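Me: I would be grateful for a close look at one part of the structure shown below, followed by its wider setting.

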Amino acid sequence: MEDTVDAIRFSLSADQQQLQAEIVVDALRRQDAPSREQLLALIQASDYRRFKLDSEALQQLLSSAKSLASSDLDSPVGVTTTVTLATRIDAELKLKLSEDRMRVEAQICSAYGGAPVDAPCFKRALVKAGIRHGIDTQAASQLMKKAYRAEPGSLHSAVIAKGRAAVKGRNGHWNSLIETSHTTDRPSQHQEGLIDLLDYGEIPSVQQGDLLMELVPPGAGEPGADVCGQVLEAEPGREAEFVESEGVELSADGKQLIAARAGLPVEIPGGMRVDNIYVVSQVDVESGHIEFDGSVVVRGDVAEMMKVVASGDITIGGSIQSAYLQAGGDLQVRKGVVGHQRSDDDHHFDSEDLTCELYAKGDIHVGFAQYARLQSEGDILVDKQLIHCLSQARQSLKVGRSGDRNAKLIGGVSRVGKQLVSGDIGTDAFIPTQVELYPAAVAEIDQQMAQLVDAVEQQEQQLAEVKEQLSSLSSQPKTPENQKAYKQALRQSIEVGNQAVEWDQKRQELKEKRKGLFAGVELIARKTLYPGVTLSADDNQLKNQQQHEGGGYSLVDGDICYQPELKETN
């Protein structure tokens, strides 16, 4: 195959792999020597435009043409100077296997006018490399098409095979066979179909010898395979942990957990315990204060000025009047919690103005609360109303059950770590109602950041001293002792500098973590959010100025913003 254009003639080598260019002398004498741009345009317009051009050969061709064009007219005519100008190169496929043999990346260098990588070529390469599992034929096909259409010599990569990781077996666990105090907190339904929100039915209890839990063995898991087809054995699940606790014992075969005494069953990680319950009809002057290592059940009321302290759960069947309760577990009051003000001061969280106080390391659940302090390491749930209370929930505070639009939060100060939800928040009388969105972990982060600041200040002082020492040593005679001291000071300055960089990185990580914690806190009204509600989060404060029907507030890029689409989550 030949193409002749004026003084340059193109032809392919016998093996069709090289583009050769020849100079026609007699044609060259009738015109000027071609320029580089003309030759490149000529190649681009030919069938050889995708060949790999040899720049040095092109320059040689141009130089020869220029020399012949200016030579003596007696020079011989005809074809002279043959140059291999470009080469046809097939596409190249490389496969890269990850060290763990769970991933194969393919790279194709697009062809210079040569054969592309096709499916049979790809298959041969996979077979040669021993790749036989997890091959993504669609990814391979798309890679081949992309490389075929791309510019010659361009590189294109894609992951074309992935192994299947082994799936670890499910861990063994203990399965509860009974209701515990954490599974019976729904109102009872009477035969007439009516629900009494104050009737939670019988307090769950067990008798000695009752079957509590049964052991579920661990699963074997599912084996995997790497891209070479090597089977990856699955790791079986761990055996269920059994935590010895008071009031329970294992069956002879070790597969069942049995109550060793009567009491309140409480599910814990690794089993269950049966608390030794102290039961009293009511707490008043006649009963005296109650402090008990276990759980306490008061079937009636807790009178004014009385105290109930328990290491376990506290359950009150009646109401509380201006009393003090502290639970090491959950605290539940079936009816209401009522205190009063010693003065007109309930508008800051550290106020000691209220006469009723409830503290729990678990959750707090009350029917309603008024002029009381509620402080929980878990959630706070109020069935009906929360009025002029100082409430702090490490997790969430919810007034009314999910979807209850009639529940009300009015006045006081409420501090939550995740979510505050109520039917109405505030009133149309604009009663001041304060909400603090404050994740509990923020205080820990702030403490860590303060410690880092102190440490950085000490490092800066130390670095200044080392620099002063280096400056002093550099001006002194270069004795062996001074040179040794200089090297030690220099090494110390580098170490101090590296430590400062590490601490600065740690500080930035804490700042991002702190920002992420605030991004998850929300105030949500199921029904109405009234003016007069003041929100604070971190260093931001906002007073709600208009009435919103539903929606709520959250932090967006560090600012407190109203979002009408916010809904409560369970």
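In which strand does Val416 lie?

Reply: Val416 belongs to strand β35, which covers residues 413-416; helices (H or I, at least four residues) and strands (E, at least two) are DSSP runs, numbered from the N terminus. This is a predicted model, in which local features need pLDDT of at least 70 and side-chain atom pairs count only at pLDDT 80 or more, while totals for chains, interfaces and linings use all residues. Residues are numbered from 1 along each chain as its sequence is written, and side-chain values use heavy atoms, with hydrogens and water left out.

Val416 has a relative accessible area of 0% and is therefore buried (under 20% relative accessible area; exposed is over 50%, partly exposed in between; 1.4 Å probe, protein chains only). Beyond four places in sequence, Val416 is in contact (heavy atoms within 4.5 Å) with Ala393, Gln395, Leu397, Glu436, Leu437, Tyr438 and Pro439. Its C-alpha atom is separated by 5.9 Å from that of Arg394, 22 residues apart along the chain.

Strand β37 (433-437) is one of the elements against which the buried residues of helix α7 pack; the others are α6 (441-474), β39 (533-537) and β42 (552-556). Helix α7 (residues 480-518) has 39 residues and spans 58 Å from first to last C-alpha, close to the 57 Å expected, a figure given by 1.5 Å times one less than the number of residues. Its buried residues include Asn482, Ala489, Leu510 and Phe518.

Elsewhere, β16 (residues 256-259) runs antiparallel to β12 (residues 211-216), with 3 bridges between them; two strands pair if DSSP finds at least two bridges. Strand β15 (residues 248-250) is also joined to β16 by 3 bridges, again antiparallel. Leu257 of β16 is the bridge partner of Met213, and Leu250 stands opposite Leu257 too. The hairpin of β15 and β16 has 5 residues between its strands, and Gly254 in the turn has a positive phi of about 75°.

As to confidence, the protein averages a pLDDT of 85, and 90% of the residues score at least 70; pLDDT is the predictor's confidence in each residue, from 0 to 100. Over residues 182-202, pLDDT stays under 50.
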